[in-house]
Amino acid sequence: MRATFTDAWLAYRLRWKRRRILLRIWRNRKQIERRSDRTKQIMPGAILAFSTVRNEMLRLPHFLDYYRKLGVAHFLIVDNASTDGTADFLTKQSDVSLWTTSHSYKLSRFGMDWLGWLQWQYGSGHWCLTVDADELLVYPQSDNRDLQALTAHLDSQGLPTFGALMLDMYPQGPLTNVAYTHRQDPVTALGWFDGSGYRHRVHPVFGNQWIQGGVRDRVFFQADPDRAPSLNKTPLVKWHWRNVYVTSTHHMLPRRLNQVFDWPSKTKMTGALLHTKFLPDIAARSSEELDRQQHFENSALYTGYYRNLIAGPDLWTDRSVAYKGWQQLVELGLITPGDWR
Amino acid sequence: MSLGVVMLVHTDFDRAELMVRHWAEGGCPVMIHVDSDVDDTTYDRFVANLDDLADVRFSTRHRCEWGMWGLVAATQDAVQHLLTDFEQVGRVFLASGSCLPLRPISELRAFLDASPQTDFIESATTADVPWTVGGLDRERFTLRFPFAWKRRRRLFDGYVRLQQIIGIKRRIPKGLMPHMGSQWWCLTRTTLEAILNDPNRRRYDRYFQRVWIPDESYFQTLARKHAARIQSRSLTLSKFDFQGKPHIFYDDHVEILRRSGCFVARKIWPNAQVLYENFPCATDKAAGAVRPSTGTVDRIFDKAVERRTRGRAGLYMHSRFPNMEKANGIAAAPFSVMQGFDALFPGFQNWLALQTEATVHGHLYAKDKAHFADGAEVFRGALSDSARLRDYNAQGFLTNLMWTTRDQYQCFMFGPADTQSIRWLLAHDTNARVWVISGAWSIPLFLSGRSAAEVRTEAARLQRRENQFLKTLRAPDAHARLHIYTLADFLENPRDVLQMLIDQIGGHKAHALGQLPEMVDLSGLPVFLQELKNQGMHPFLTGHLSEEMHRRATVVSEPRSYVVGHK
């Protein structure tokens, strides 16, 4: 009885939270300025990608190629005051619509307000992929079946969301020694990851799994594991105008969208986001972060973390696993094909 | 005798057109039914595109909703048209727009000609087959289903529930024995005419209009009534997931489809270019007549269903997070936990590792760090030895370790001084084998050389924690395999206990023990324990120790000598 009451109260509070976020998205809608609008190209049923970027010239060419090949029809990107020509590059792409802003990334809930406004306008009824430029989605069969096939399967199963685990990729040797050339697949430069050691628990509020662990947890957050980055994400969603992302793409509202897993032991299909954060620009980015203090939740707490990153540590151990493809991730139990064969 | 095709189409008209052409070029008249929900422009364009084919006709359009009568009505009409329009048709093959012929039509025809007057229709009685999903098998035929399952789920469920509560049952028409099976069949003209011209057809139709998913039972049931010879199998390869939805075939399935030897497969992903380019493809003439064999396909997809519904035991991940309290086994593989052994035998870990092929960890849950087997800072699966990270989710640490090392047997030491938060898991996991020598915590205290008065508090704490642990292990709902000895009991006969321990790890590969590990010198321990008692701290978990007992234990631990008789 009491549990029912608590749950109803939580549901009520979260409904208001969602409305507040929607209102906030609407209030902040003028923070972004239209730079090139090609949204007329969007056909019904097209798969859309949403992203906020800042100085991503290193990753963007490969990023766009990668997702084009996976079947993303249109990219809706917000550029947060890049200085390396990112905006010009994106304007030239025929399938990218670009908005720019110089407002605070942190105050816009890490870009979620800006993207939320774009999703609200253009996302309804489409499968929407919300990823950062350093995230590459892999899923079972991703080398020979595109997102159209994946989303059609999810539709037929009546699943509105697709969950993915963030997998931090790192090089062998110090971070400062990575050799990476333009348009190269970042995974060839950052070929390693932690094969296990991901901690799972059910998030008390959002009802999804809260996953922490991986290399950043192992190396940088031993002293304060509670602060270690969350690795559970829900990047692919059949959008409805009511939906909102709460913190980055980790949690969503309404809560049922977070149910990317079956209770108790059935296994829905999930994927992974290969996180290519540790490319050679990591030191420069980290020192910039230190100046801007724009990172998550508690910037002060992350100071030590960024200092460590600037020093270019070696994250590799002889227990690291070399990335070989989605089959390997299935074998390791990091992703699962569900019943998609 | 010629083969005619009835094709049901409701989407992907470009692909459907391609398929119609396949059938038509193979010399089959095609009767197409297009769902009446399809808008007129699309329909007209589809009809116009197929204008050039003489033997392709369109039948009266019905509204086909999944699980409802419309599909059967559409099939009946189309079959009727086909049989009247094309006198020469001796057999009718039911297909859909997303059915792809895997082998040339001529091979299918040759196959059919080899078994004249045979109906190929999968049909089984509901009592014998567990195919159905959602718990409705027999009830499909005894309840009424006027509401569409897909669109009006609540009404559907509510009405089913209502009928179950009231206890309404429909009478199955006399002379019918309900059968079910794949909706894709190939029937002879004789059978079809008998079904369509059955004097009781109106009665049967009225009955089936309220049966759930009649397209899987109407022809299946009536064929049993009229057919002369039934081969109960479908010539169309189709697999279903655990919700009863068809699996879709993609480009990467090209090889298994080729090897299946089936004539037609469904459903095909509309963008599966490779499949549409490769099929139909003739089989090797030299190999003789290839018969359909779906073994490989069945294995792959049955495994998928099992993986989806059961998952992999011991795996905790994004989409698999079983409730530990209800799980049968918690960790991925059996493992052994030993408490007190390393206090009694200083070289116990190395000894155990030599005796068995297991990985023997030290105190994985020690306060300072996780002592992995090879003293590694980072163990397999990149598990860190940091105590902080481990204790942050102690159960997760153990399940992760057991998952990544499930190819090798794992043992670890445990003790009352360690982090106790995995206590519950150790007691409740069917995979856990827990060996405890209770009271062995007194040995390091005794060996430390400090007086009973100094260690009294520490001893009390350890005893309290060990007692808690034992209580948890002995809970009525605990599933672990337990072997609990007091120190005194153990010293009675260490060899037998250690032999059992090795046997359990090694299974049939275990061998008789040679030398036992070296035991610490316990002389003086009884006195020490007595002093603890004198301080008011009764070490009740050790059992009753006496000086002689320890001496006897050392004797017993020598290898036993057996007299081997000579002839």
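In which order do the strands of the open sheet of 3 strands in chain B stand? The order is β5-β12-β11, with mixed pairing, where two strands are taken to pair if DSSP finds at least two bridges between them, and strands (E, at least two residues) and helices (H or I, at least four residues) are DSSP runs numbered from the N terminus. Because β5 (100-101) and β11 (236-237) of chain B stand at the edges, each with a single partner strand, one side of each is left without a neighbour in the sheet. Strand β11(B) runs parallel to β12 (residues 264-265) of chain B, to which 2 bridges join it, and B:Thr236 is placed opposite B:Val264 of β12(B).

The model is predicted, so that local features need pLDDT of at least 70 and side-chain atom pairs count only at pLDDT 80 or more, while totals for chains, interfaces and linings use all residues. Residues are numbered from 1 along each chain as its sequence is written, chains are lettered from A and ligands numbered from 1 in the order in which they are written, and side-chain values use heavy atoms, with hydrogens and water left out.

Elsewhere in chain B, strand β1 (residues 2-9) is joined by 5 bridges to β2(B), the two running parallel, and B:Val5 has B:Val30 of β2(B) as its bridge partner. Strand β2 (residues 30-34) of chain B is largely enclosed by the rest of the structure, because 5 of its 5 residues are buried (under 20% relative accessible area, with a 1.4 Å probe and protein chains only). Both of its faces are covered, with B:Val30, B:Ile32 and B:Val34 on one side and B:Met31 and B:His33 on the other.

How values were computed:
Buried means under 20% relative accessible area, exposed over 50%, partly exposed in between (1.4 Å probe, protein chains only).
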